[in-house]
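Please open the model in your viewer and keep the selection tool at hand, as this tour goes from one selection to the next.

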Amino acid sequence: MRWTLAAMLFFGFAVPAVSAQQNAECLSCHSEKTLQDQAGHSVYVDEAKQKAGVHASLGCTACHTSIKGYPHPEHPRAVNCGTCHSDEAKDIVESVHAKASGEPCLGCHGDPHAIVPGKDLQSPVFTLNIPRTCGSCHGNTELAKKLGLSNVYSLYIDSIHGFALTKNGLLVAATCSSCHGTHKVLSHTNPESQTYRTNIPATCGSCHLGPKTQYFAGIHGKQLEAGGSRAPICADCHTVHQIAQVQSVSWQMKKLATCGECHQKQFATYLDTFHAQVSALGYVETARCWNCHRYHDILPASDPQSPVSPANLVATCGQCHSGATQSFVSYHPHADPRDRKSYPPLYFAAQFMNLLLLGVFGFFGLHTILWFVRSAFARRPSGLREKGVSK
Amino acid sequence: MNAEARQSGLTDQNNQGVRFYVRFSLWQRYLHAVVIVTFMGLGLTGLPLRFSGSVWGTAFARVVGGFSAILFFHKFCAVLLTVAFLMHLGDIAYRGLLKRQKGIFWGPNSMVPQLKDLKDLYGHVRWFLWLGPRPKFDRFAYWEKFDYWAVFWGMAIIGISGYSMWFAPFFAKFIPGSWFNIALVIHGEEALLAVWFIFAIHFFNTHLRPDSFPMDLVMFTGMETEKELRERRPQLYQRLLEEGKLGLTTVAPPRWLKNFGRAVGWVIILAGFVLLWLTLTSFFRASGT
């Protein structure tokens, strides 16, 4: 695109002069605000905006190529931006927007006679404006439903990325195009897509280099590299559009169950512990999965680098339990009282308590029922009571 | 009998004929009051933890100020109850060991189970089945002794397991950390045993059974009428009569105390029933899935 433009400017010194003359000719009609075509669409051109735009130096016919003079055809050929912007046009054809109705370029770049550079704050594709631009379609619940998508715009706007962008005006905050690309937006089912499952760590990692490095050092990242299809990727824990601040209580509350989706047994046994009980009551300062296992660089207990490897347990538990000793860390954070083989003392203690409860309530339950029936009869004035007392 | 007793309770200020037997001293009633309050406190703050996945558990925790508040009240009540328990042990040791008071560790006035308790249980069950007469109970009936020892061992077991978890790093110097897994199971299940026993069995045995309905106020007033004593504990009545130690008084318990007892009693019983219902449904829902 840049070369085309350069070539045009280089070879066509006369272009501005010619176009100015031409443009004046066109504008003699098209500067009329009420001018409409046969179908009733406005064909008005705002000269001031056109002159301030990125295409100011181009004559009308540079884009409207089918118009050679006046009178011009009632239906001039559609403008092909790809004549100059050939790379972008190629990308669009390959993208999910190829089939979108209407003019794919203008859907994002707006008024064709008022296109400004992307770095201009007024541009609909300026970083801070991208979510609103994409949201003009993808924030439409009707459209989302039709395409089988969620209303990603509202999810994004409430996310940590959306906040950073809209509240703080952070230009480095991820917008739609940071993850989905600009012209070549591909479906997440396309292996070439930046949002294809296995490409996501690299996509997120293009900003979040630290977590990406940690992730690939951990077991989840290694599994992904080894081709493990079940290995979790960023989005499995952080979700995609509504990415929340990890410090938020509501987010931390949900994440236990997220780990539990794969680690079902560990989750179930965790739920039996004091850590989980406390956690369920909304107390954040308790051991949750990541407090012991870390999050991005999770390592198996057999790895000496792992915080849950036997040699590191005292330090890991000691984060909260100051004074933790080797004896203290023989506590099982995932003990299963139903597992007789692995935890015999716990198993028998639990069984004993069950029997005790059963015994006490079996005995006294029956005792109470019999007592109630008997004394209810004994209190009846029929004389049964007297018999009962002194038979 | 009950109707009469209640009637006498309403009119005893003027009823010169009614005499009262002092069954519990002020000291014992104060201790029991501490047990009531701390037990309810411990139950209210502990059961949401035991059933932390339940809607009512999380809702309650949120209302009182989250887990930190719950834990504070739980520990506060635990310390109070521990003090009451130790005072009771001290009282027993002082009276039984130091002052050599007789009948504390054995005999009809003792809480220690006797052969008579086994016989009474047998006789009581026979009476339930219309097979024999009602046994003549002495000072403490076998179910009252069971109540006492259930609470006694309950406090010891729940207390030790609770303190071990409270001061886990310290206790880990003496016991392996894997015992804390067991401590939590025992603490939680023994607590369930305790609350269910109190809210279902103790409430029925003591207050709600037809002979005591709606409420036995003796733990508030300390006093039973002579008639109640004679009918409920014939052997004690007979024994005291023969020993000449009946020591009845005509001073009736004050009306405010009885009303206070009724009010407190009903609040506790209703709270207990709510907790009983919530915990039972959560328990069986959890074990059902």
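Predicted model: local features only at pLDDT ≥ 70, side-chain atom pairs only at ≥ 80, totals over all residues.

Next, widen the view to the largest nonpolar core, which has 31 residues, and in which F328(A), L281(A), L346(A), I182(B) and V185(B) have the most contacts. Colour the elements that give two or more residues to this core: in chain A they are α18, α20 (313-318) and α21, and in chain B they are α4 (66-98), α7 (168-171) and α8 (178-208). The largest share, seven residues, comes from α8(B). Apart from this core lies another one, of 20 residues, and you can find it by selecting A78(B), L81(B), V195(B) and I201(B), which are among its members.

Stay with α8(B) and show α2 (residues 26-50) of chain B beside it: the axes of the two helices come within 11 Å and cross at roughly 130°, which means that α2(B) is oblique to α8(B). Where do α2(B) and α8(B) meet? On α2(B), select F39(B), G43(B), G46(B), L47(B) and R50(B), and on α8(B), select G188(B), A191(B), L192(B), V195(B) and I198(B). By class, this contact has six nonpolar, three polar and one charged residues.

Finally, select the two chains, where 41 residues of chain A are in contact with 41 residues of chain B. On the side of chain A that touches chain B, α21(A) gives the most, with 17 residues, and the residues of that side divide into 26 nonpolar, twelve polar and three charged.

Conventions: Residues numbered from 1 in each chain as written. Chains lettered and ligands numbered in written order. Contact = placed C-beta atoms within 7 Å. Helix = DSSP H or I, 4+ residues; strand = E, 2+ residues; numbered from the N terminus. Nonpolar A, V, L, I, M, F, W, Y, C, P; charged D, E, K, R; others polar. Core = buried A, V, L, I, M, F, W, Y, C linked by C-beta atoms within 7 Å. Buried ≥ 20, exposed ≤ 12 C-beta atoms within 10 Å, placed from the backbone. Axes fitted to C-alpha atoms, helices over the stretch in contact; angles between N-to-C directions. Parallel < 35°, antiparallel > 145°, perpendicular 65-115°, else oblique.
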